[in-house]
Amino acid sequence: STWRDAIQGLELGLEASEPGFLQATLAQQAEEKALELELAYDTTCFLGAAALLLTQVVGNWRRGRFFAALQAFSALHDQFLTDAHPGFFEHSAWPVNDQAVRYWKDRLLYQVRRFRELSGRQFHRG
């Protein structure tokens, strides 16, 4: 596909979320290319849709849109990752791999716990 060719070499782990890294620039370019091609959530290409959702997680996080990143990751996890063998993604040309997914899961869960803790403190203060 045109989009897959445009995202060769993209890794969607830690460096994709931090401004100034090459992978962050590549992740942004992947999002822009997806918009240019008017890609939508299409399950006919299992790996392409999973890569698009993971790209949206990274992009939303980079723009400070935590809830949107959480929603995109939830859709990725519930509709794609749980339906496939963990090694399935490792041997494909798409930039979805177990290490990147675990990184985002850990980061998002940490932020959810942190948010719950802070809102709990605020609630008790009145």
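The side chains of Arg102 and Asp98 come together in a salt bridge, with an N to O distance of 2.8 Å. Since this is a predicted model, please read every value here as computed from it. A search of the whole structure turns up one salt bridge, so this pair is a handy place to begin, by the cut-off of 4 Å between a side-chain nitrogen and a carboxyl oxygen.

Both partners belong to helix α6, which covers residues 98–125, and they sit four residues apart, about one turn of the helix.

## Aromatic pairs and a cluster

Let's turn to the rings. The count of aromatic pairs comes to three. One of them joins Trp61 and Phe66: the ring centres lie 6.2 Å apart and the planes meet at 70 degrees, so this pair is edge-to-face. Tyr103 and Trp104 make another edge-to-face pair, because their planes are at 75 degrees, with 5.1 Å between the ring centres. Trp61, Phe66, Tyr103 and Trp104 form one aromatic cluster.

How accessible are these residues? Trp104 is buried, with a relative accessible area of 0%. Trp61 counts as buried at 19%, a value that falls under the 20% cut-off. Phe66, at 27%, counts as partly exposed.

What does its side chain meet? A polar atom of the Thr55 side chain lies 2.8 Å from the backbone oxygen of Ala51.

## The largest pocket

The largest pocket holds about 290 Å³ of space. Its lining is made up of 16 residues, and those nearest the centre are Glu31, Leu35, Leu52, Gln56 and Arg63. Sorted by class, the lining has eight nonpolar residues, together with four polar and four charged ones.

Which helices build this lining? At least two residues each come from α3 (22–36), α4 (46–62) and α5 (66–79). The largest share belongs to α3, which supplies five residues.

Key: Residues numbered from 1 in each chain as written. Predicted model: local features only at pLDDT ≥ 70, side-chain atom pairs only at ≥ 80, totals over all residues. Heavy atoms only, no water. 1 Å grid on protein atoms, 1.4 Å probe; cavity = no way out; pocket = protein on both sides within 12 Å on 5 of 7 lines; lining within 4 Å. Points joined across faces, edges and corners; volume = space filled by probe spheres on them. Nonpolar A, V, L, I, M, F, W, Y, C, P; charged D, E, K, R; others polar. Phe/Tyr/Trp six-rings, centres within 6.5 Å; stacked < 30°, edge-to-face > 60°. Buried < 20%, exposed > 50% of the residue type's maximum accessible area, 1.4 Å probe, protein only. Polar contact = N/O pair within 3.5 Å; in protein donor to acceptor, adjacent residues only side chain to side chain.
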